[in-house]
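Here is a short report for a first look at this structure. Please view the sequence and the model side by side.

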Amino acid sequence: MTQSRPSARNITFHIRRYDPEKDAEPGIFSYQVPVRPGMTVLEGLHYIKENLDQSLAWRYSCRMGVCGSCGMLLNGRPMLACNTQILDIASTELTLGPLPNFEIIRDLVPDLMSMFEKHRAVMPHISGADEGELNDPAGEFYQTPEDLERYLQFSFCIKCGCCMAACPTLATDERYLGPMPLAQAYRYNNDTRDGAGEARSDVAGSSCGVFRCHYAGECSRACPKGVDPAKALQHLKRQLVLGYLRLGTKRKPCAKQGPPAGAQRKPGIPEAPPYTIT
Amino acid sequence: MRETGYWTWHMAAGVVIFILLGMHMATMHAGGLTGLFVSHPGEESVSLINSQARDGRALLTGGYVFLLGIALYHGLYGLRTILFELSLRPATEKAVSVALLILGLGLFGLGTWAALAAHAAALAARG
């Protein structure tokens, strides 16, 4: 038994293209794409590349909303091309452009380096608590479900840059750290395994930090993973102010759990390889 | 972290201004109803005789100087924030901060002098 394919509808893709090496300024190029129900914007771009214009450039990797590579401006909103179905946002025409608030490498490829440098500045890793245990663990850090709940939502960030592209403050002030790095600062400040909160707060509370946020909330509307960076930033402001006034509650260090008493290593499991970095 | 301090005091100043401006409204614009700091009932709150009576009270003079200080801080910090969003260079930001600090201190000095002079004049008039 054969199933008939749903009929395709022609949708015009208006793509903002720019090659800094060749073009004086960006231009809009239009392509007709036959769209079937369920087809994603990423698939539409593949159709153009394979059938209409091989020179079109964009960035993608996982095709399932995990890697955060294919963020772009779709009908004026920052979205992931891979998890946006064309017919959900367009009936006859669709406009595409690179993420704003970033330099353009080519066509739909933004240069995300500025975002990653700001991300690195907030020390987005667990550090400062128990370096000896982190480097040579003798047991497991133990977190309660409540401990986990404090930062779990913010750990779903895939660093796609959609929030940075939507941020009106970043649009006027390129030195502002932006929603993604600041939300990650809050995420690590709330991890009971971490002890670098003070150093991180120095960066987050600087003149380019969280107090530049006007709470427009566009970052949370744009986030494809439901991270809600705006909420993280407001909590971070409160955390910094309470810390400044010395009214914040001191967090207990993360509990450690050694191996269970009497536990034996299962036979046949080889030893871990030696450290390559000391 | 310094910006955290500035911002914290900016917010705290906003709350204090809200309270002090509430007292100002109750005194100056609803004095007939509240009777607050109206030494001569039947006269307008803003009449010279009531103004002089208020000027002669050290608590109100101190309150005025306090309100002036926090209002200047709150307003000028807000202005600084707006100016910083014009993507200024770090050197320009520093110059703006220094200029606003000098402006604020100057206005605070002028306002304090005026309040103290009015206080002294009210005491002299009282004899």
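Which residues have the most contacts inside the largest nonpolar core?

## The nonpolar core

This is a predicted model. Its largest nonpolar core has 60 residues. Those with the most contacts inside this core are Met72(A), Cys163(A), Leu182(A), Ala183(A) and Leu236(A). Helix H8 (residues 179-189) of chain A gives the largest share, six residues. The core also draws at least three residues from each of two domains of chain A: domain 1 (9-111) and domain 2 (113-256). In soluble globular proteins, nonpolar side chains tend to be buried together.

Take Cys163(A) as an example. Leaving aside residues up to four places away in sequence, Cys163(A) touches Pro179(A), Met180(A), Cys219(A), Ala222(A), Cys223(A) and Pro229(A).

## The sheet of chain A

Five strands of chain A build an open sheet. Their order is E2-E1-E5-E3-E4, and the pairing is mixed. Strand E2 (27-35) and strand E4 (77-80) of chain A stand at the edges. Each has a single partner strand, so one side of each lacks a neighbour in the sheet. From one strand to the next, the twist averages 35°.

Strand E1 (residues 9-17) and strand E5 (residues 93-97) of chain A run parallel, joined by four bridges. His14(A) has Thr95(A) as its bridge partner in E5(A). Helix H1 (residues 41-51) of chain A packs on the sheet. This helix touches E1, E2 and strand E3 (71-74) of chain A. The direction of H1 makes about 105° with that of E2(A).

## A hairpin in chain A

Strand E6 (residues 103-106) and strand E7 (residues 109-111) of chain A pair in the antiparallel sense. Three bridges link them. In E7(A), Val109(A) is the bridge partner of Arg106(A).

E6(A) and E7(A) form a hairpin, with two residues between them. In the turn, Asp107(A) has a positive phi of about 45°.

Which residues of helix H3 (residues 48-55) of chain B are buried? They are Asn50(B), Arg54(B) and Asp55(B). These residues lie on the same side of H3(B), because they cover an arc of only 140° around the axis. An α-helix has 3.6 residues a turn, so residues three or four places apart point the same way.

The buried residues of H3(B) pack against helix H4 (58-84) and helix H5 (90-126) of chain B. The face turned away from the buried side of H3(B) carries the exposed residues Leu48(B) and Ile49(B).

Conventions:
Residues numbered from 1 in each chain as written. Chains lettered and ligands numbered in written order. Predicted model: local features only at pLDDT ≥ 70, side-chain atom pairs only at ≥ 80, totals over all residues. Buried ≥ 20, exposed ≤ 12 C-beta atoms within 10 Å, placed from the backbone. Arc of directions from axis to C-beta. Contact = placed C-beta atoms within 7 Å. Pairing = 2+ DSSP bridges. Axes fitted to C-alpha atoms, helices over the stretch in contact; angles between N-to-C directions. Core = buried A, V, L, I, M, F, W, Y, C linked by C-beta atoms within 7 Å. Domains from an automatic or database assignment.
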